[in-house]
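Please open the structure in your viewer and keep the sequence beside it.

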Amino acid sequence: MAAEDRRNRNEQIKEALDPAKKPPGKLTRLVANMEWALEEKAGVEDIVEYESRLNYVLPKYDDVVVCTYDLAKFDAALNDGILLSPES
C-alpha cells in the first residue's frame, strides 16, 4: 500500500469513526478483512507500519475495530508483529 493510500485509508477510518457524524450514543463497528495484504502489489510490505499507525489512531475512539487475518495464510512472524497490538 503506497504511503498516500495509507494516509487516505487512515483518513477514511477517522471519518467513519468521527462521533460528530453519528447520532448521539451510536458507535461504529468496523471489520476489515486483511487478505489484501497478501496481494502482489506495491506497498503491501508496509502492512506492519500501517497497522502500527492505526494503533495511534484507534484509541481516540470508542468504536469497535477488528482486523481479521486468516492465520493459515499469514506467516507466523507477521502474525506476531501484528496480532499483539497494544489494545489486545
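## The surroundings of K22

Begin by selecting K22 together with A16, L17, L27, T28 and D63: these are the residues that K22 touches, leaving aside those up to four places away in sequence. Contact here means heavy atoms within 4.5 Å. The model is a predicted one, in which local features need pLDDT of at least 70 and side-chain atom pairs count only at pLDDT 80 or more, while totals for chains, interfaces and linings use all residues. Residues are numbered from 1 along each chain as its sequence is written, and side-chain values use heavy atoms, with hydrogens and water left out.

Next, display the side chains of K22 and D63, which a polar contact of 2.6 Å joins.

Is K22 buried or exposed? K22 counts as buried because its relative accessibility is 15%; buried means under 20% relative accessible area, exposed over 50%, and partly exposed in between (1.4 Å probe, protein chains only).

Helices (H or I, at least four residues) and strands (E, at least two) are DSSP runs, numbered from the N terminus.

Finally, select the whole protein, which has three helices and two strands, in the order α-β-α-β-α along the sequence. Of its 88 residues, 24% count as buried.

How values were computed. A polar contact is a pair of N or O atoms within 3.5 Å; within protein, one must be able to donate a hydrogen and the other to accept it, and residues adjacent in sequence count only if both atoms are side-chain atoms.
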